[in-house]
There are 2 protein chains.
Amino acid sequence: MTERLYLYDTTLRDGQQTQGVQFSLAEKQEIAALLDGLGVDHIEGGWPGANPTDSAFFEARPKLRATFTAFGMTKRAGRSAENDEVLAGVLNADTPSVCLVGKTHDFHVTDALEITLEENVENIRASVAHIMAKGREALFDAEHFFDGYSANPDYALSCLKAALDAGARWVVLCDTNGGTLPGEIYEIVKDVIDSGVPGDHLGIHTHNDTGNAVAGSLAAVDAGVRQIQGTLNGLGERCGNASLTTLIPILLLKEPYASTYETGVSRESLAQMTFISRKLDDILNRVPMRAAPFVGASAFAHKAGLHASAILKNPATYEHIAPELVGNMRVIPMSNQAGTSNLKKRLAEAGLEADKAQLSAILNTIKERESQGFSYDTAQASFEVLARRELGLLPDYFDVERYRVISERRRNARGQIVVESEAVVAVTLPGGKLVTNYYKNEHPEEMQDAGPVNALWHALIDDLGPYQGRIDDMRLVDFKVRITNGGTEAVTRVIIDSEDDAGRRWSTVGVSANIVDASFGALIDAVTWKLVQTGAELRRSGV
Amino acid sequence: MTERLYLYDTTLRDGQQTQGVQFSLAEKQEIAALLDGLGVDHIEGGWPGANPTDSAFFEARPKLRATFTAFGMTKRAGRSAENDEVLAGVLNADTPSVCLVGKTHDFHVTDALEITLEENVENIRASVAHIMAKGREALFDAEHFFDGYSANPDYALSCLKAALDAGARWVVLCDTNGGTLPGEIYEIVKDVIDSGVPGDHLGIHTHNDTGNAVAGSLAAVDAGVRQIQGTLNGLGERCGNASLTTLIPILLLKEPYASTYETGVSRESLAQMTFISRKLDDILNRVPMRAAPFVGASAFAHKAGLHASAILKNPATYEHIAPELVGNMRVIPMSNQAGTSNLKKRLAEAGLEADKAQLSAILNTIKERESQGFSYDTAQASFEVLARRELGLLPDYFDVERYRVISERRRNARGQIVVESEAVVAVTLPGGKLVTNYYKNEHPEEMQDAGPVNALWHALIDDLGPYQGRIDDMRLVDFKVRITNGGTEAVTRVIIDSEDDAGRRWSTVGVSANIVDASFGALIDAVTWKLVQTGAELRRSGV
């Protein structure tokens, strides 16, 4: 018999405290959809009323399978729960579930809140009771619980019991400062359960300040809690929260957890874990951590010679789980045997086949370009263009003779500051015809000139002769820039996403120390891929 | 009475297995000196004979306070220890200590090595005996010990005992695949000690494949081992090894470890931990992990408004240790989540004061600029420039009249593809003098032109008249780009990190739909901040 373990995601709330992360409304919506597909039980969306983005996110009422939860804090002293406008703002978001943080460490009550210990307990009780009266599910985040318990166990417990007695479904033990080690978490959770708080009403919320957020969560489960709070990729205040990206694979794949508990995450969703992790980094334009457990690009990379040769005999010799289970891949650097099956799979997706010599040639080109800073993980369209070129299946559509792009800031004749960009692109078409295209963009509003890449793009597609009708419906919809290493030098990697009216969306990559030239490479691949697609259509329709 | 705990560093050996890391001889020497200053007990330098760099490093015989250790493997079957040329290569390095890895998991012995279980035990015994006969200290790394013990405990123990009986000072339990969770490590170490292996001859070597390398090491210490193997910054194969950068602060600062054990690391060395961690990233040209426990730039960053205001009353409210203990710093990032208490703190850090009306004016400007896409979380220098401008404390150093930047791809006279960038920047200096600077960069190697921002930068600082001597030592060291929303339009946010010879490092931000113009804004802030700093120095020195 397995027992149910519940996963509570706070990527959209505590994850927002990550330094450098600032979610837009659209990003929150996209991340909520990712989380919902993964199968977590609660999605905490933010603090309605605390800032315009969070308010707009709750107003838009995302449709979720998970229990959508609003975060807030217990009412302040000196007013009723009904008359606390911060609490009212949280309740007005009208979510099925509300999680309130409150104090449980006596020192914080008296020194930070500057109220009596009794007032704080009453604030917890009345706030939870108010949520229950409104017909919602209530959770209580017991802030600083472990430090509080160490200082004054009776008081910390009385706060938990006030919340439970008022009807809270979950009381969550928060190691807010992240300083409690797993051994101590285990002992304190044991004490709490021995004192009469049922484990199936207890949650754990850890931070990674000692590198033990995952271990602390597991220790709490070992001691009896049945809800884990965490974030995707371990986002969060300071060193981050417990990473669900790490915890979920452990809970589903590693003993004693796998055969003791079940969660809402299916094996199919687990196999999306690497994709979800990378997608989140993509949305936030963060560099994925290569060494991340389970989902990192290096997590199944076998560099040591001894390991690599044993892996080829039997992967279990140096892998604790099969990488496919979490949607990741084995990597054997410097070995042509690595990735061949993966390569075949990607070629098949593009409708391409290759023999052994061709596979090896493509793999070598990819390795060489990856050493220059290219990355084909997401840029499938650039991968297809590269593979077709190697296979002799890429028509010679056009050659770029030259381009030149200018960006300028100056004062115009009316004395306004003007930022403008212009570009010239010259290409040779089949038959030798040279076309030279020009585009200029002038904006008196300082921040609105769309810049050199936009100018290059418009010049490039202004007139591509016989191809024009096949690229007219293309649009650039996203543009990502990352500084990375190409050999020993820092280079810029640009990934461009394009769309067309047929509903296609494709990604291409360019690399150069010059950001304009890197972008240009990605633009050329984007147009080339579109021409390949429309060429195949033309052939199919017999034109 | 405290007990001695020994630290064994393998940054230069297992750390070398990190994907993307390839040490040069000079780098190995520099890192060895860092480690030696830190106070670890053993420094494992690599595998003499395995590759030219490792051989050269051992030949150069670094002078170390720590016990310098050569790594290798137990002799192969079918020859004597004296006649194994791989083992001879290791011994020829003439180090006081030698660590040999060998099998302890029966399946690996029979299926990977393809020898009998008895032959493997004899290989361990004879190899260790040979090291002892040469008068060296011997260590035995028991590869796959935890998996081996689970499969066949008697055999795994017989391997340990063969090494100990032959005179090994330490036998090290290695979780080579990184899949053993802390709870299981604890139980197995307990069993091993109960079977008669003394804890003060036992080491632990974990990997981070489940995010539990640190917790696993602590569990092993709890169960009785007295040596920990790890690497700086958790470098290592796949997801890395146990991070000594995390473990050392825990062992010195956190209970029950701090009062139970002592190590060779002094409090003075501990206060160098952040410096050492950053220095290592610097040597390897890796981006430091902001969220790294103890040493990350975000480890003591308090972004949540509630946390920030409490921190100002008493840092212990949201910090589990004082950042100074590990040489790190408290950071209160400015962001649209924060209120005036964050703002006051950040102003104070910049040596600035503001009254209530000024605080409100600064906050409004920040909020307006954040709605345009600016972010002052990390860009403290841009924040300071903005605040000084609002407070009327920013000298009018120079005005930019115009800039113009060109990037071009073409064929040169020799038919090579050339990518080149050039820029003109015109500024008015105090007194009305106009200077116009020009810079051009041409690279026949396609990918190596450093691009328009680099050209703009060089043109800007080519001649800034009276300020030139104050900016000559500035360097741009990092450049980050992200596409974000400014109002309803997509804009580009550029963050630039600069450094100077005085050891300052500062971050500035620029925003525009045009990436060149966004970069230019960040460059101007970078120069302005540097002028503010050097201006204050000039005033202090009475010039």
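Which residues point one way from strand 7 of chain A, and which the other way? In this predicted model, A:Trp170, A:Val172 and A:Cys174 point one way, A:Val171 and A:Leu173 point the other way, and all are buried. A residue is termed buried if 20 or more other C-beta atoms lie within 10 Å of its own, exposed if 12 or fewer do, and partly exposed in between, with C-beta atoms placed from the backbone. Helices (H or I, at least four residues) and strands (E, at least two) are DSSP runs, numbered from the N terminus. Residues are numbered from 1 along each chain as its sequence is written, and chains are lettered from A and ligands numbered from 1 in the order in which they are written. Because the model is predicted, local features need pLDDT of at least 70 and side-chain atom pairs count only at pLDDT 80 or more, whereas totals for chains, interfaces and linings use all residues.

Chain A contains 20 helices and 16 strands, and its C-alpha trace spans about 85 × 75 × 45 Å along the principal axes. Of the 543 residues in chain A, 51% are buried. Among the contacts in chain A with a separation of 6 or more, 67% are between residues 24 or more positions apart; two residues are in contact if their C-beta atoms, placed from the backbone, lie within 7 Å. Chain A is assigned domain 1 (3-265), domain 2 (305-390) and domain 3 (399-540), with bounds that come from an automatic or database domain assignment. The centres of domain 1 and domain 3 of chain A, taken over C-alpha atoms, are separated by 47 Å.

Strand 7 (residues 170-174) of chain A is largely enclosed by the rest of the structure, because five of its five residues are buried. Strand 7 of chain A pairs in the parallel sense with strand 6 (residues 137-143) of chain A over four bridges; two strands pair if DSSP finds at least two bridges between them. In this pairing, A:Leu173 is the bridge partner of A:Ala142. Strand 8 (residues 202-205) of chain A also runs parallel to strand 7 of chain A and is joined to it by four bridges, with A:Gly203 as the bridge partner of A:Val172.

Helix 10 (residues 244-253) of chain A is likewise largely enclosed by the rest of the structure, because nine of its 10 residues are buried. The buried residues of helix 10 of chain A include A:Leu244, A:Ile248, A:Pro249 and A:Leu252. In the loop between helix 10 and helix 11 (257-260) of chain A lies A:Pro256, and the peptide bond from A:Glu255 to A:Pro256 is cis, with omega near 5°. In chain B, a cis peptide bond joins B:Glu255 and B:Pro256, with omega about 10°.

Most residues other than glycine have a negative phi, and most peptide bonds are trans. A:Arg61, although not a glycine, has a positive phi of about 45°. A:Arg61 is found in the loop between helix 2 (52-59) and strand 4 (67-73) of chain A, and counts as exposed because it has 12 C-beta neighbours inside 10 Å. A:His144 also has a positive phi, near 55°, and is found in the loop between strand 6 and helix 6 (145-151) of chain A. With 27 C-beta neighbours inside 10 Å, A:His144 counts as buried.

Two packed helices are described by the angle between their axes and the distance between the axes. The axes of helix 1 (residues 25-38) and helix 13 (residues 273-284) of chain A come within 11 Å and cross at roughly 175°. Axes are lines fitted to C-alpha atoms, for helices over the stretch in contact, and angles run from 0 to 180 degrees between N-to-C directions. Helix 1 and helix 13 of chain A are therefore roughly antiparallel to each other, where angles under 35 degrees count as roughly parallel, over 145 as roughly antiparallel, 65 to 115 as roughly perpendicular and the rest as oblique. Residues making this contact include A:Ile31 and A:Leu34 of helix 1 and A:Leu280 and A:Ile283 of helix 13 of chain A.

Between the chains, the contact takes 90 residues from chain B and 88 residues from chain A. Strand 11 (residues 399-411) of chain B supplies nine residues, the largest share of the side of chain B that touches chain A. Strand 11 of chain A and strand 11 of chain B pair in the antiparallel sense over seven bridges, and A:Tyr403 stands opposite B:Arg409.
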